[in-house]
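Subject: Structure for you to look at

Hi,

Here is the structure I promised. Please open it and keep it beside this email as you read.

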Amino acid sequence: MSKRDLKKYLAELNKEQLEEQIIELYEKFAPVKVYYDFVFSPKEDKLLQESKIKISHEYFPIKKPSSRWKPKAKLRRSVAQKYIKHFILLGVDPFVIADIMLYNIEIAQTYSLNNFIKQELFYKSMLNSFEQAVNFIISNGILSEFKERIFAVQQETIRQKWKNKYEFEAISDKIDL
């Protein structure tokens, strides 16, 4: 069904029929429920804090009291990407999205400061995250608010002697920090 056909169909329904369909969609499909819950109660700060906690647990997992062993860090970029995509779909404020994008890189750098990471993929993944964050920030016109953090991330790659520090620098140079 095309968007035009859908509009035509919806125009034929009365108010009660429309309400019934929306309630049915809300009850049947979790993404619709999540969307409406967010629209009517956009607790962006709460969402941001929850996502930061989950992302930080990828690098610094919490030991459960009943466990004998300390859990191992997973370092999955996909966890942060899932939240970023979800925030974009919900229409969360670009400042919040940019914050979580940079936080993902910053927490990874905090981890790598005291832990040697031999997987080349980790560094490539962080570079991709950095480039996406910078592009998102520029496209949303909020560069002035995030310049310092972008510069700090780039400088940290140099300080930690990341293998791809020059690629980070090249991205930073594009925005003339």
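Which residues line the second largest pocket? They are K74, L75, R76, R77, I117, Q119, L121, F122, S125 and M126. Keep in mind that this is a predicted model.

**Pockets**

The second largest pocket holds about 170 Å³ of space. Helix α7 (residues 120-139) gives the largest share of its lining, 4 residues. By class, that lining divides into 5 nonpolar, 2 polar and 3 charged residues.

Now turn to the largest pocket. About 280 Å³ of space lies there. It has 13 lining residues, and V34, L47, E50, H86 and L90 are the closest to its centre. The lining has 5 nonpolar, 3 polar and 5 charged residues.

**Salt bridges**

Side chains of opposite charge can pair when their charged atoms come close. This structure holds 8 salt bridges. Here are some to find.

- K52 pairs with D99, with the closest N and O atoms 3.1 Å apart. K52 sits in helix α4 and D99 in helix α6 (residues 94-114), so the pair links distant parts of the chain, 47 residues apart. K52 is buried because its relative accessible area, 16%, falls under 20%. D99 is buried too, at 13%.
- R149 pairs with E106, at 2.9 Å from N to O. This pair also links distant parts of the chain: R149 is in helix α8 (residues 143-159), E106 is in helix α6, and 43 residues separate them. Both count as partly exposed, R149 at 24% relative accessibility and E106 at 22%.
- E156 pairs with R159, at 3.1 Å from N to O. They are 3 residues apart in helix α8, so about one helical turn separates them. E156 is buried, at 16% relative accessibility, whereas R159 is exposed, at 54%.

Salt bridges with shared partners join K52, D99, E106 and R149 into one network.

**Surface**

Last, look at the surface. M1, L6, Y9 and L10 form a nonpolar patch there, with about 400 Å² of accessible area together. Y9 belongs to helix α1 (residues 3-12). Y9 counts as partly exposed, at 33% relative accessibility.

Best wishes

Notes: Residues are numbered from 1 along each chain as its sequence is written. This is a predicted model: local features need pLDDT of at least 70, side-chain atom pairs count only at pLDDT 80 or more; totals for chains, interfaces and linings use all residues. Side-chain values use heavy atoms; hydrogens and water are left out. On a 1 Å grid over the protein atoms alone, a cavity is a set of points where a 1.4 Å probe fits but cannot get out, and a pocket is an open set with protein on both sides within 12 Å along at least five of seven lines; lining residues have an atom within 4 Å of a point. Grid points are joined across faces, edges and corners, and a volume is the space filled by probe spheres set on the points. Ala, Val, Leu, Ile, Met, Phe, Trp, Tyr, Cys and Pro count as nonpolar, Asp, Glu, Lys and Arg as charged, and the others, Gly among them, as polar. Helices (H or I, at least four residues) and strands (E, at least two) are DSSP runs, numbered from the N terminus. Patches are made of residues with over 30% relative accessible area and no salt bridge: like charges are joined within 9 Å, nonpolar side chains (Val, Leu, Ile, Met, Phe, Trp, Tyr) within 5 Å. Accessible areas come from the Shrake-Rupley method with a 1.4 Å probe; for residues, only the protein chains shown count as cover. A salt bridge is a side-chain nitrogen of Lys or Arg within 4 Å of a carboxyl oxygen of Asp or Glu. Buried means under 20% relative accessible area, exposed over 50%, partly exposed in between (1.4 Å probe, protein chains only).
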